[in-house]
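Here is a short report on helix packing and on a pocket. Look over the model first, then read on.

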Amino acid sequence: MAVADPITISLTPSEIALVQDSWAEATTPNAANGDEPATAIASILYNGLFSLHPELKELFNDINSQSAALGAVIGVTIGALSDIESITPALEILGKLHGRIPGVQPEHFDVVGKIFIATLSDKFGEKWTPELQAPWVKVYAYVSGRIVASMLAVRDTNI
């Protein structure tokens with residue numbers, strides 16, 4: 001079985017505050033939108049993914065439930081940034097679940113990451129600065145890295 005390199009993250013208190021404050025702003029309820037804000041952001045992300053890779057849509061049974069789940073995972077992650085290791089077991093469970101889905105590949109997480117960052121960039125417009133983007137990229141890299149490592153470990157044990 002392959003052993004993955006340790007996946008770590010290092011965020012300063014100001015980076016944590018930037019991510020948490022920007023997520024709070026991005027998910028402020030909008031009376032014109034019936035969705036939960038985090039679910040709406042996840043829906044935008046999935047629409048972007050499917051426009052670039054329509055073949056991936058077949059991997060999802062219920063995109064509305066998936067959007068709600070992704071929004072919740074992002075919210076929990078952002079809330080735990082001061083103790084990110086506390087959610088590592090949950091990320092590893094997500095990886096194991098993804099590892100059992102035929103067709104899900106590690107490179108899909110790279111595509112989703114690019115779309116996620118682009119979605120946030122669009123959401124924030126001129127407020128999206130390199131100083132705001134950098135910690136978001138770190139957070140996504142950590143989360144996706146943990147999920148992918150666990151996904152691959154499950155597949156290695158099933159060979």
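## Helix 1 against helix 6

In helix 1, the residues Glu15, Leu18, Val19, Ser22 and Trp23 meet Glu131, Leu132, Pro135, Trp136 and Lys138 of helix 6. By class, this contact has six nonpolar residues, one polar and three charged. The model is a predicted one.

How do the two helices lie? Helix 1 covers residues 13-26, and its axis is 9 Å from that of helix 6, at an angle of about 95°. That angle falls in the range of 65 to 115 degrees, so helix 1 is roughly perpendicular to helix 6.

## Helix 5 against helix 6

Helix 6 also packs with helix 5. Their axes are 10 Å apart, and the angle is about 155°. Angles over 145 degrees count as roughly antiparallel, and helix 5 and helix 6 are therefore roughly antiparallel to each other. Helix 5 passes helix 6 in a right-handed crossing.

From helix 5, the contact takes in Pro106, Phe109, Val112, Gly113, Phe116, Ile117, Leu120 and Phe124. From helix 6 come Leu132, Gln133, Trp136, Val137, Tyr140, Ser144, Ile147, Val148, Met151 and Leu152. Of the residues in this contact, 15 are nonpolar and three are polar, with no charged ones. Leu132 and Trp136 of helix 6 also take part in the contact with helix 1.

## Helix 2 against helix 5

Helix 5 has a contact with helix 2 as well. On the helix 2 side stand Ile41, Ile44, Leu45, Gly48, Leu49 and Leu52. They meet Val111, Val112, Ile115, Phe116 and Thr119 of helix 5. Nine residues of this contact are nonpolar, two are polar and none is charged. Val112 and Phe116 of helix 5 also belong to the contact with helix 6.

The axes of helix 2 and helix 5 come within 9 Å and cross at roughly 125°. The two helices are therefore oblique to each other. Helix 2 passes helix 5 in a right-handed crossing.

## The largest pocket

The largest pocket has a volume of about 750 Å³. Its lining is made of 31 residues. Nearest its centre lie Tyr46, Gln66, Leu70, His98 and Phe109.

Helix 3 gives the most, with eight residues. By class, the lining holds 23 nonpolar residues, seven polar and one charged.

Conventions. Residues numbered from 1 in each chain as written. Predicted model: local features only at pLDDT ≥ 70, side-chain atom pairs only at ≥ 80, totals over all residues. Heavy atoms only, no water. 1 Å grid on protein atoms, 1.4 Å probe; cavity = no way out; pocket = protein on both sides within 12 Å on 5 of 7 lines; lining within 4 Å. Points joined across faces, edges and corners; volume = space filled by probe spheres on them. Helix = DSSP H or I, 4+ residues; strand = E, 2+ residues; numbered from the N terminus. Nonpolar A, V, L, I, M, F, W, Y, C, P; charged D, E, K, R; others polar. Axes fitted to C-alpha atoms, helices over the stretch in contact; angles between N-to-C directions. Parallel < 35°, antiparallel > 145°, perpendicular 65-115°, else oblique. Left-handed = near helix turned anticlockwise from the far one by under 90°. Contact = heavy atoms within 4.5 Å.
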